[in-house]
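Subject: Model handover and notes

Hi,

Here is the model for your set-up work. Please look it over before you read my notes.

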Amino acid sequence: MGPDDLAQLEAMSRSRTEPASRVERARILLAYRSDPSSTAVGERIGVTHHTVQRCLRRARRLGVMAALDDSPRPGKAPQITPEAKAWLVSLACQKAKDLGHPHELWTTRLLAGHLRAHAAAAGHPCMANIVQGTVCKILARHEIKPHKVRYYLERRDAAFEVKMAEVLCIYREVAILRESQQADTNVAIISYDEKPGIQAIGTTAPDLPPQPGSHATFARDHEYRRHGTLSLLAGIDLLTGRVHASIEDRHRSREFVGFLKKLDAAYPADTAIKVILDNHSAHISKETKAWVENQPEGRFSFVFTPKHGSWLNLVEGFFSKMARSMLRHIRVASKAELKARILAYLDNLNQDPVIHTWTYKLDQAA
């Protein structure tokens, strides 16, 4: 046993990640080196002296480190042929509905049944009795999970990069204006979107408060009442952090024009208002275009995010935070109460506005 072998055995005998059999054999060899008695070593390690002697014979025959591994065993000859496994994988890469099943996707149990039913006709009789566990092992070996769906977003905007660059240029403009620390500017940059379908849900019984030592949380009856939904139309001034909002029953063109009128009243007449928004039909409708065209030249300008690129709009992060904090678990008695609570939440935010910024990875690297 050389010094390198001794160091490796010492480290392995204390390992918490190595297989237990390798750790045990390393401890046997180290213990026998200190006390060359198979009986004493067996009592110390907790194994029989036959196990100690078997480990020593392997070490003499194969070498110290090779003795730690199990000897290869012939095992039972595989009954499932490679061609049959390839057939299984090819079926797993198809949808179950395309092969006559009512299911959209495979389950491993359904796939195993399909294999048993069609194995002989497909020329793979070795799979006539295949079980679900074997199917799972073969699929895992080929890294196939036909029972799961991973969603992706197909790019449907040919000008995606160009539109994205326009939005990012606006964010860069915001950063430059803020760094210049100009107290007065004749530009307002608004990140705008709608959050539709905010549910006004009411309880059917009072919530029960927590009780120390008995109930750690609020208790709420499972039943609830629906009072309708509201749409939040909100825009964040990226220079000041102020939130401009309007709460409506719907979010059509007339509601969007009403929001633009609120923006028009909130800023001086010589301020250019740039609005970052998506391609919702209300934003590009005839009614909206007609109203914008009637405004003074340069008063309003729209910068549209690309299709399926709403994540570029900073207001989306604001809506996400609102959903996770103020709207989470909310219960109200009416739509009017829901509207009042949302407006109160926005008023609190505007008392101490939060500046929303777009973080550039290049800036972080620098």
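Below are the notes, grouped by region.

**Ground rules**

This is a predicted model, so local features need pLDDT of at least 70 and side-chain atom pairs count only at pLDDT 80 or more, while totals for chains, interfaces and linings use all residues. Residues are numbered from 1 along each chain as its sequence is written, and side-chain values use heavy atoms, with hydrogens and water left out. Helices (H or I, at least four residues) and strands (E, at least two) are DSSP runs, numbered from the N terminus. Buried means under 20% relative accessible area, exposed means over 50%, and partly exposed is in between (1.4 Å probe, protein chains only). Contact means heavy atoms within 4.5 Å.

Start with helix H3 (residues 38-45). Its buried residues are Ser38, Val41, Gly42 and Ile45. They cover an arc of only 100 degrees around the axis, which puts them on the same side of H3. The arc is that of the directions from the helix axis to the C-beta atoms. Glu43 and Arg44 are exposed on the other side of H3. The buried residues of H3 pack against helix H2 (20-34) and helix H4 (49-62).

Helix H11 (residues 315-324) is next. Val315, Phe318, Phe319 and Met322 are its buried residues. They fall within an arc of 100 degrees seen down the axis of H11, so they line one face of the helix. Lys321 and Arg324 are exposed on the other side of H11. What do the buried residues of H11 pack against? They pack against strand S1 (187-203), S2, S3 and helix H12 (335-351).

Strand S2 (residues 224-237) and S3 pair in the antiparallel sense over six bridges. Two strands pair if DSSP finds at least two bridges between them. Ala245 in S3 is the bridge partner of Ala234. The two strands form a hairpin with five residues between them, and Gly241 in the turn has a positive phi of about 85 degrees. Strand S3 (residues 243-248) is mostly covered, with five of its six residues buried.

**Aromatic rings**

Rings of Phe, Tyr and Trp (its six-membered ring) pair if their centres lie within 6.5 Å; planes under 30 degrees apart count as stacked, over 60 as edge-to-face and the rest as tilted. By this rule the count comes to eight aromatic pairs. One of them is Phe256 with Phe302, a tilted pair at 6.1 Å centre to centre, with 55 degrees between the planes. This pair links distant parts of the chain: Phe256 is in helix H9 (residues 253-266) and Phe302 in strand S5 (residues 300-304), 46 residues apart. Phe256 counts as buried at 1% relative accessibility. Phe302 is partly exposed, at 22%.

The rings of Trp291 and Phe300 have their centres 5.5 Å apart and their planes at 65 degrees, so that pair is edge-to-face. Trp291 is buried, with a relative accessible area of 13%. Phe300 counts as buried too, at 9%.

Ring pairs also link Tyr192, Phe256, Phe259, Phe302 and Phe304 into a cluster.

**The H7-H8 loop**

Asp157 sits in the loop between helix H7 (132-141) and helix H8 (160-180). Is Asp157 buried or exposed? Asp157 is buried, with a relative accessible area of 9%. A polar contact of 3.0 Å joins its side chain to that of Lys163. A polar contact is a pair of N or O atoms within 3.5 Å; within protein, one must be able to donate a hydrogen and the other to accept it, and residues adjacent in sequence count only if both atoms are side-chain atoms. Not counting residues up to four places away in sequence, Asp157 touches Lys163, Pro306 and Lys307.

Glu143 lies in the loop between H7 and H8. Its phi is near 55 degrees, a positive value in a residue other than glycine. Glu143 is exposed, with a relative accessible area of 72%.

Regards
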